[in-house]
Structure formats: structure tokens, C-alpha cells
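Hi,

Here is the structure I said I would pass on. Have a look at it first, and my notes follow below.

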Amino acid sequence: MNLIKQAFQVPYSFNIVFTKDLFSTDNQEFTNFLANFGDSRFHKKILFLIDEGVAKNHPLLVQSIKAYFSNNTNITLVDEILVMPGGEFVKNDTTYLDQTLLAINKYGIDRHSFVTAIGGGAFLDMVGYASCIAHRGVKHIRIPTTVLSQNDSGVGVKNGVNFLGKKNFLGTFSPPVAVFNDSNFLTTLSDRDWRSGISEAIKVALIKDLPFFEWLEINAKAMAERNLTVMNEQIFRSAALHTNHISSGDPFEMGSARPLDFGHWAAHKLEYLTNFEIRHGEAVAIGIALDSIYSQLLGLISQEEVNRIIALLKNLGFTLYHKSLGENNKLNLWEGLNEFREHLGGQLTITILERLGKGKEIHEVDFELMKLAVDELEKTI
Ligand code: NAD
């Protein structure tokens with residue numbers, strides 16, 4: 001028998017920079033990164049794509065980017081700065097993926113150059129995916145502009161688009177080369193988008209960090225009142241927990257488990273069942289409440305603990321029930337579990353709560369008990 005054995009490791013590292021006014025000319029964070037990254041023998045280009053929701057609310061952004069690069073001789077800013085719709089729409093309609101790929105081709109973005117996406121989680125997911133499949137991967141930089149993308153999605157390693165009616169059916173595990181969280185962007189978020197990302201912080205706190213959960217309880221009112229300082233602290237702590245989890249565990253999800261997806265099997269299904277009327281973060285809030293009630297019905301956590309979780313979510317302004325959960329005798333929701341299993345492959349693994357601050361993986365879900373959990377959830381409205 002002839003056999004060649006091959007094995008190698010590819011190290012990844014990138015910084016998540018927390019800053020303000022990233023493109024003001026006296027902020028050197030971005031230029032410093034570009035100056036120090038990669039092989040200085042090659043001249044680099046940088047292409048920017050902006051989420052329309054951001055461009056509309058920050059009308060001077062394009063101008064600021066152009067001014068920021070005007071004296072930079074080390075890198076060429078592509079003249080055209082593309083603005084495309086934000087939100088789930090951009091992941092559902094492959095037109096935008098095509099447009100991004102066309103721009104990468106048209107402006108000659110090669111593997112030494114950069115694609116930079118400024119936007120919410122959906123926009124970053126789509127542009128990140130385009131960057132990863134063009135030339136088998138060009139470097140991408142993320143500038144997340146929502147709470148959810150700054151505290152979770154933008155700091156991770158995944159990207160993707162929806163396809164065949166399935167969330168993130170196309171996608172890759174490909175880390176960005178840098179992330180810049182500019183807190184200025186948060187000031188223009190709608191109340192819904194300001195709130196929705198907090199659910200990802202609650203998720204990670206519930207499965208990993210009781211003191212952070214308690215901090216969220218104490219600071220819920222301030223966050224609901226749009227206190228930016230408190231929000232920034234929440235984002236930093238949540239991003240750190242997500243980042244740490246990714247690097248210390250299974251970054252490219254080789255196994256079947258996805259502990260960070262507590263509350264997500266129902267959330268993903270709910271997004272489809274509501275035709276994306278509800279935001280990802282809002283769906284996650286419902287998913288967290290549902291799986292917390294299920295954990296209580298299994299006898300893992302107490303009624304008092306569930307009440308705390310529900311109270312926190314409600315104090316932040318989340319609505320924890322949607323009628324689509326109950327439709328078709330809950331079978332529509334139930335389908336979500338099978339889709340989750342399919343997406344992961346292998347054995348069904350979902351995370352529920354062993355106690356506050358600690359997740360627990362389970363491989364079977366009792367439909368009758370889950371139906372009961374949905375009924376309990378309905379009582380919260
Ligand atoms: P979003 O990207 O859908 O954006 C919501 C809305 O906010 C959009 O209309 C957008 O235009 C607008 N917007 C963005 N920034 C703004 C700003 N600064 N001011 C005003 N409006 C602004 O919402 P999201 O919650 O950021 O992201 C949700 C997406 O993230 C989902 O597709 C979800 O699947 C994905 N996600 C990905 C990962 C991952 O690991 N890749 C993890 C979690 C979630």
C-alpha cells in the first residue's frame with residue numbers, strides 16, 4: 001500500500017480594536033494596522049462596502065473614509081465605495097453576493113489586498129463570505145455597527161448567506177484579519193437593533209459566566225435607557241467571552257456541538273417562520289427563554305431562576321412569544337430541531353442550562369415537554 005500522510009496547522013490571530021471615530025484623521029488605529037500587516041513588498045488595495053442602514057445614518061462616512069486615505073501612499077483606496085442594503089435581506093438574495101464578487105474582480109482585489117465591510121451582522125456575514133470564496137480567500141476586515149455584530153457575530157470566525165430557504169446554508173469558517181468596534185455607530189441604531197444584540201450577551205453569560213449575568217441584571221435598566229457607556233462594557237465583556245470560547249474550544253466546529261448556540265435552534269427556525277419579521281437577536285431572546293423553561297421542566301434549574309431570566313429579557317423590552325411558535329400544533333417549530341441537526345451533522349446536540357452560568361449539552365429533546373415549554377412561554381406575554 002502506498003500512503004502519504006499529511007498534517008499541518010495554520011495559526012490564526014487577529015485583534016479586535018475598541019475605538020471611537022475610526023475614520024477621524026487623528027485616529028491612527030486603522031492606518032497602523034494596515035501599515036503593519038502583511039508583506040510590505042506588495043502594494044495593497046482596499047475596497048470598502050457599507051451597509052445602507054449605516055450609510056444613511058452616517059452621511060459623512062464615505063467622505064471621511066476618502067479623507068482618511070487621501071494622504072496614505074502605502075495603500076490604494078478603491079475609488080468606488082459600495083453601499084448595499086443591510087439586514088437579513090442581503091443574505092437571502094444572492095444578487096448582493098454577486099455584486100460584491102463583481103467589485104472584488106473589477107477592482108483587482110488580490111490576496112494581499114483587503115475587503116472591508118462596515119455594517120450589521122447580516123452585511124458582515126455576506127461580505128465576509130464573498131471575500132472568502134473570491135480567489136479562494138482575500139483578506140477581510142470587519143467594522144461591525146450593531147450591538148450584535150460588535151458583541152458576537154463580528155468578532156467570530158464565521159460568515160455565510162442563506163440558501164435553499166436555510167439559514168447560513170452557504171458559508172465558511174474564515175477569520176477576519178482585524179475587527180474594529182467603533183462605538184459611535186451604536187448611537188444611530190433603532191431601539192430594536194440597540195436591544196436585540198443584548199440577547200447574545202445574555203446567552204453567553206447564562207452558559208458561561210454567572211457574574212456577568214448578574215451584571216446584566218443590574219445594568220438592564222441603563223441599557224434599556226440607551227446608556228452608551230454601559231452598553232460598551234456589555235459589548236466588551238460579551239465579545240471577550242465569545243472570543244475566548246472560540247479560541248479555547250473548537251473554532252471551526254469540527255464536532256457536533258455548538259455550545260454558543262444556546263437558544264439558537266428555535267431562533268433560526270423562528271426567523272424563517274416569521275419571514276424575518278423578527279430580528280436575529282429578538283429570536284434569540286425567545287429561544288433563550290424557551291430553552292430555559294425547558295431546562296426547568298427537566299428539573300435542572302429552578303422556577304425562580306427561570307423567572308430571573310424572563311425578567312431580565314422583559315426588562316430590556318423583549319417580547320418573548322410569537323404566535324408562529326404554536327402553529328401547526330408546534331410542529332413547524334419542531335422541524336427546526338431537525339434542521340439544526342442537519343446543519344451540524346452527526347448527533348443532535350443542543351445546549352440547555354445546568355444552572356445559571358453553566359450550559360449543558362443534550363442529545364435528545366422530548367417533544368411533549370417542549371410543547372409544554374412553548375405553552376409556558378406564551379404565558380409570559
Ligand atoms: P442586521 O445585520 O440584520 O442589521 C439590522 C438593521 O440595522 C439593518 O437594517 C441595518 O441596515 C441596520 N444598521 C446596521 N448598523 C446600523 C447603525 N449603526 N445605525 C443604524 N442602522 C444600522 O442585524 P444584526 O443583529 O447586526 O445581525 C444579525 C445577523 O447576524 C443575522 O444574519 C445572524 O444570522 C448573524 N449572526 C452571525 C454570526 C456569525 O458568527 N457569523 C453570529 C450571530 C449572528
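Predicted model: local features only at pLDDT ≥ 70, side-chain atom pairs only at ≥ 80, totals over all residues.

Across the interface of domain 1 and domain 2, eleven residue pairs turn up in polar contact.

Now for the layout. The protein chain comes in two parts: domain 1 covers 15-188 and domain 2 covers 192-378. Their C-alpha centres sit 28 Å apart. Counting contacts, 24 residues of domain 1 meet 31 residues of domain 2. The size of an interface is often given as the accessible area lost when the parts come together. Here, about 2,300 Å² is buried between domain 1 and domain 2, and carbon and sulfur atoms give 65% of that. On the domain 1 side, Val 147, Asn 151 and Lys 167 lose the most area to domain 2, and together they make up 25% of what that side buries.

Side chains of opposite charge can pair when their charged atoms come close. The structure holds 19 salt bridges. One of them joins Asp 125 to Lys 91, with the closest N and O atoms 2.8 Å apart. Asp 125 belongs to helix 6 (residues 121-133) and Lys 91 to helix 4 (residues 89-92), so this pair ties together parts that are 34 residues apart in sequence. The interface between domain 1 and domain 2 has three salt bridges across it. Another pair to find in the viewer is Asp 152 with Lys 203, where the closest N and O atoms are 3.4 Å apart.

Then there's the ligand. Which of the 25 residues around the ligand come nearest? Those are Asp 51, Glu 88, Thr 145, Thr 146 and Lys 167. Lys 167 is also one of the residues losing the most area to domain 2. A side-chain N or O atom of Asp 51 is 2.6 Å from an oxygen atom of the ligand. For Thr 146, a side-chain N or O atom is 2.5 Å from a ligand oxygen. Phe 185 takes part through its backbone, with an N or O atom 2.9 Å from a nitrogen atom of the ligand.

Cheers

Note on methods:
Residues numbered from 1 in each chain as written. Heavy atoms only, no water. Domains from an automatic or database assignment. Contact = heavy atoms within 4.5 Å. Buried area = accessible area lost by both parts, 1.4 Å probe. Salt bridge = Lys/Arg side-chain N within 4 Å of Asp/Glu carboxyl O. Polar contact = N/O pair within 3.5 Å; in protein donor to acceptor, adjacent residues only side chain to side chain. Near = heavy atom within 4 Å. Helix = DSSP H or I, 4+ residues; strand = E, 2+ residues; numbered from the N terminus.
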